[in-house]
Amino acid sequence: MRTVKVNLDRKCSSSYDIYIGKDIMDRMTLLIAKNHKAGRYVVITDHVVSQLYGKKFITALKDIGLHVSLIEFPAGESSKNINTVMDITGKLIETGADRETCLIALGGGVVGDMAGFVASVFMRSVPYIQVPTTLVAQVDSSIGGKTGVDLAYGKNLIGTFYQPGAVFANVSFLETLPEKEFNNGLAEMIKYGIIDDEKMFRTLEDNMDTIKSRDSKMLLNLIESCCRIKKSVVEIDEKEQGLRRILNFGHTLGHALEALSQYTITHGEGVSIGMVGAARIAERMGYLKSSETARIENLICHAGLPVKIPKSLDTEKIIAHLKMDKKRKGDVIHFVMLKKIGMPFINGNIEQKLIAAVIEEMKK
Ligand code: NAD
């Protein structure tokens with residue numbers, strides 16, 4: 001099993017380890033019992049993950065003598081709201097949870113974001129552990145302590161920064177992940193290559209078929225590389241005041257497309273199209289070579305992800321949505337741009353006309 005340490009300078013106690021391995025259920029439960037002692041553990045999960053792994057996980061924890069219960073809610077982004085938070089909180093009280101309780105988020109980003117949020121506010125905060133079961137969660141959402149829920153006005157509009165006590169990424173969970181969900185994770189992997197690691201980008205280019213066959217050795221190496229990139233960014237900028245924004249490469253346009261398509265475009269698909277958009281804008285502004293844009297588009301296509309904007313989405317509406325992005329400063333739309341693969345920068349000075357032209361071009 002590999003370990004990546006996230007060192008946060010606020011206080012030693014907010015630093016934590018990310019454990020990555022295959023078939024690590026037993027070692028994971030032992031490490032939880034040894035390093036995260038609590039009077040009671042409550043596993044929070046969704047109904048799909050509960051069916052697949054909930055019982056096995058609870059049994060493994062009970063077998064080593066821990067006091068455990070499970071709370072589940074319906075799977076999917078539509079559950080990521082304040083009503084589910086209230087529901088989970090009510091069930092926590094009914095099961096007798098108190099300040100000595102540790103929550104365990106078993107699931108994808110929806111479970112992780114919501115369980116993390118509940119942990120940050122329940123009884124003025126209790127510890128929690130992330131056990132990510134999707135590729136998105138293993139390379140991205142379980143690390144860095146961003147928690148939250150969606151409002152009718154947009155995604156993640158209520159939330160906290162609250163770090164987990166540990167993260168356990170078991171690649172064996174990925175065997176049951178539907179292809180569309182796996183591809184969503186590939187989009188984030190490609191993003192890490194683009195923003196930080198040209199060598200990893202090349203590995204993705206050279207091995208995409210093996211990766212898509214879910215070769216566990218390849219996945220372990222890549223998940224570890226992604227975790228190392230994310231943790232180094234989070235260590236420098238935990239609260240997203242500056243550097244952490246580079247993790248949003250492709251997300252500004254991606255979020256707009258997701259929302260305007262009523263979420264028929266998934267997050268990974270939106271980010272994929274958004275990364276192509278950002279690269280094309282960077283190319284038109286003279287920052288990025290056309291050969292680099294082509295490499296990005298080719299890799300995204302090879303991963304089975306989209307690179308075009310559906311014609312049905314109105315360009316004006318996309319631009320209006322970009323202006324609502326919660327990462328904007330004032331009226332300025334901030335885009336993460338590229339000088340080359342592995343070298344991003346933030347640019348808040350992009351003409352709307354240029355963005356509109358690239359959007360139109362991407363509909364062809
Ligand atoms: P998700 O949690 O909705 O999971 C996708 C689907 O896969 C669900 O139906 C789930 O039940 C199912 N599933 C999970 N694990 C499975 C497994 N091993 N086998 C079979 N099915 C499985 O989606 P996601 O892509 O993991 O996460 C998306 C969420 O993460 C969004 O809400 C997004 O805002 C959030 N996010 C947060 C951060 C952060 O830094 N906190 C970063 C990226 C994304």
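A: Let us begin with burial: valine 111 counts as buried, because its relative accessibility is 1% and the cut-off for buried is under 20%. Please bear in mind throughout that this is a predicted model.

Q: Where is the place of valine 111, and which residues does valine 111 touch?

A: Valine 111 lies in helix α4, which comprises residues 109-121. Leaving aside residues up to four places away in sequence, valine 111 touches Ile44, Thr45, Asp46, Phe73, Ala105, Leu106 and Gly116. As for separation, valine 111 and alanine 320 are 209 residues apart along the chain, and 30 Å lies between their C-alpha atoms.

Q: How is the packing of two helices read, for example that of α6 and α8?

A: One considers the angle and the distance between the axes. Helix α6 (residues 179-196) packs with helix α8 (residues 216-236) at an angle of about 55°, and their axes are 10 Å apart. That angle makes α6 oblique to α8. The crossing of these two helices is left-handed.

Q: Which residues make the contact of α6 and α8?

A: From α6 come Phe182, Met189, Tyr192 and Asp196, while α8 contributes Leu219, Leu222, Ile223, Cys226, Ile229 and Lys230. By class, the residues of this contact comprise 8 nonpolar and 2 charged, with no polar ones.

Q: At what angle do the axes of α9 and α12 cross?

A: The axes of α9 and helix α12 (residues 315-323) cross at roughly 120° and come within 9 Å. Helices α9 and α12 are therefore oblique to each other. Their crossing is right-handed. On the side of α9, the contact is made by Thr252, Leu253, His255, Ala256, Leu257, Ala259 and Leu260. On the side of α12, Lys317, Ile318, His321 and Leu322 take part. The contact of α9 with α12 divides into 7 nonpolar, 3 polar and 1 charged residues.

Q: Which residues of α11 are buried, and what covers them?

A: Glu292, Thr293, Arg295, Ile296, Glu297, Leu299 and Ile300 are the buried residues of α11. Their cover includes α6, α7 (198-212), α10 (267-284) and β10 (335-340).

Q: What follows α11?

A: Glycine 304 follows α11, and its phi is positive, near 85°.

Q: Which value of phi does glutamate 240 have, and is glutamate 240 buried or exposed?

A: Here one reads the backbone angle together with the location and the accessibility. Glutamate 240 is not a glycine, yet its phi is positive, about 55°. This residue sits in the loop between α8 and α9 (251-260). Glutamate 240 is buried, because its relative accessible area is 13%.

Q: Where is glutamine 262 found, and is glutamine 262 buried or exposed?

A: Glutamine 262 is found in the loop between α9 and α10. Although glutamine 262 is not a glycine, it has a positive phi of about 55°. Its relative accessible area is 64%, so glutamine 262 is exposed, the cut-off for exposed being over 50%.

Definitions and conventions. Residues numbered from 1 in each chain as written. Predicted model: local features only at pLDDT ≥ 70, side-chain atom pairs only at ≥ 80, totals over all residues. Heavy atoms only, no water. Axes fitted to C-alpha atoms, helices over the stretch in contact; angles between N-to-C directions. Helix = DSSP H or I, 4+ residues; strand = E, 2+ residues; numbered from the N terminus. Parallel < 35°, antiparallel > 145°, perpendicular 65-115°, else oblique. Left-handed = near helix turned anticlockwise from the far one by under 90°. Contact = heavy atoms within 4.5 Å. Nonpolar A, V, L, I, M, F, W, Y, C, P; charged D, E, K, R; others polar. Buried < 20%, exposed > 50% of the residue type's maximum accessible area, 1.4 Å probe, protein only.
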